[in-house]
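This report describes a predicted model of a protein with a ligand.

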Amino acid sequence: MTTTSMIQPKFLSKPDELGVVAVGFSGGQCKPGVDAAPSALISSGLLTQLHEELGYNLNHDNTVHSYKELMPQIDPDYRGMKNPLAVSAVTQKLSEQVYNQAKEGRCVLTLGGDHSIAIGTISGTAKAIRERLGREMAVIWVDAHADINTPESSESGNIHGMPVAFLTGLATEKREDIFGWIKDDNKISVKKLVYIGLRDIDRGEKKILRDNGIKAFSMHDIDRHGIGKVMDMALGHIGNDTPIHLSFDVDALDPMWAPSTGTPVRGGLTLREGDFIAECVHETGSLVAMDLVEVNPTLEPGVNDIGAQQTVRAGCSLVRCALGETLL
Ligand SMILES: NC(=[NH2+])NCCC[C@H](N)C(=O)O
Ligand SMILES: [Mn+2]
Ligand SMILES: [Mn+2]
């Protein structure tokens, strides 16, 4: 393929450009290794493919950011959250980086990192889209987990299980150095949030989803209706006049396709279903940003790193599909 598909992006003024941010950060959870994902994805050829095969001009600083300079000396638990200062500082900086890309009118791809980084990416895109277009954007969160715990409802204290709560304002904190920097223009509405792939939701999260009437399509829904119908319903809920930020946790895929991830859950999406979700989002022409998170090449690698290679390949495939690879 020489050119990207015929889909005309509706909300980008620079549709042939792609902002890329690589975030080697693992502080939102306890297992080391997820910080190695951006380098693994890039060495497997992802950025080259996006440029040479899909025709994007990449806007990338050729750096995998680890934000070492932002790490505090001591970082005691706060409201039960682990590494609160580090996660807040990193996501605040990332928010600015993503905002700077998105305000130029280009689509932004962020390679994580654990899912706590979505606090940075979504807050940055939401603000840029409001300023550029005067619109609220929607978020499609593809994940085995809802990641909508408040500090108080969380059983683990891991912030990668909380990003959606902070981004929707369901969790708030006054301390500027612990997510108090998230202002109204960084936030998204619970009405414009849609989940796909859920199958491991904490009890407190179920109540939050129910109480707030949040649209969610679980694996049960996908089994019942098929992924085609589920995508129609998910995109119907968002409507075709709304910019979309796609936040894709690789653990939405079944461990058969993506074993190398920190919190794998059986009974997930096939790789083809994951690719289909990404293709459908591309087809809307409304995609303004994508995150790919939770690839951990150091976990479950198997003989000759087979599991890690498979997971990295799956991640690359999801990104290429969201950016238009497979449509005619
Ligand atoms: N981004 C993820 N993989 N999140 C997993 C979250 C698991 C669990 N719900 C928690 O709060 O800790
Ligand atoms: Mn997950
Ligand atoms: Mn997640």
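The protein has 11 helices and 9 strands; helices (H or I, at least four residues) and strands (E, at least two) are DSSP runs numbered from the N terminus. Its radius of gyration is 18 Å, close to the 20 Å that the globule rule gives for 328 residues, so the protein is as compact as a globular protein of that length. The radius is taken over C-alpha atoms, and the rule is 2.2 Å times the number of residues to the power 0.38. Along the principal axes, the C-alpha atoms fill a box of roughly 50 × 50 × 45 Å.

Of the 328 residues, 54% count as buried. A residue is buried if 20 or more other C-beta atoms lie within 10 Å of its own, exposed if 12 or fewer, and partly exposed in between, with C-beta atoms placed from the backbone. Among contacts between residues at least 6 apart in sequence, 76% join residues at least 24 apart; a contact requires C-beta atoms, placed from the backbone, within 7 Å.

The model is predicted: local features need pLDDT of at least 70 and side-chain atom pairs count only at pLDDT 80 or more, while totals for chains, interfaces and linings use all residues. Residues are numbered from 1 along each chain as its sequence is written, and chains are lettered from A and ligands numbered from 1 in the order in which they are written. The average pLDDT, the predictor's confidence in each residue from 0 to 100, is 97, and 98% of the residues score at least 70. For the complex, the predictor gives an ipTM of 0.98 and a pTM of 0.98.

Helix H11 covers residues 306-322. Its 17 residues reach 25 Å from first C-alpha to last, close to the 24 Å expected at 1.5 Å a residue, where the expected span is 1.5 Å times one less than the number of residues. Because 12 of its 17 residues are buried, H11 is largely enclosed by the rest of the structure. The buried residues include Ala308, Thr311, Cys316 and Arg320. The buried residues of H11 pack against helices H1, H2 and H10 and strands E4, E8 and E9. Just after H11, Gly324 takes a positive phi of about 105°.

Pro259, in the loop between E8 and H10, is in contact with Gly307, Gln310 and Thr311, among others. Pro259 counts as buried, because it has 22 C-beta neighbours inside 10 Å. Val295 is 36 residues from Pro259 in sequence and 8.9 Å away in space, C-alpha to C-alpha.

Most residues other than glycine have a negative phi, and most peptide bonds are trans. A cis peptide bond joins Gly112 and Gly113, with omega about 15°; Gly113 lies in the loop between E4 and H4.

Notes
Two residues are in contact if their C-beta atoms, placed from the backbone, lie within 7 Å. Lists of a residue's contacts leave out its neighbours within four places in sequence.
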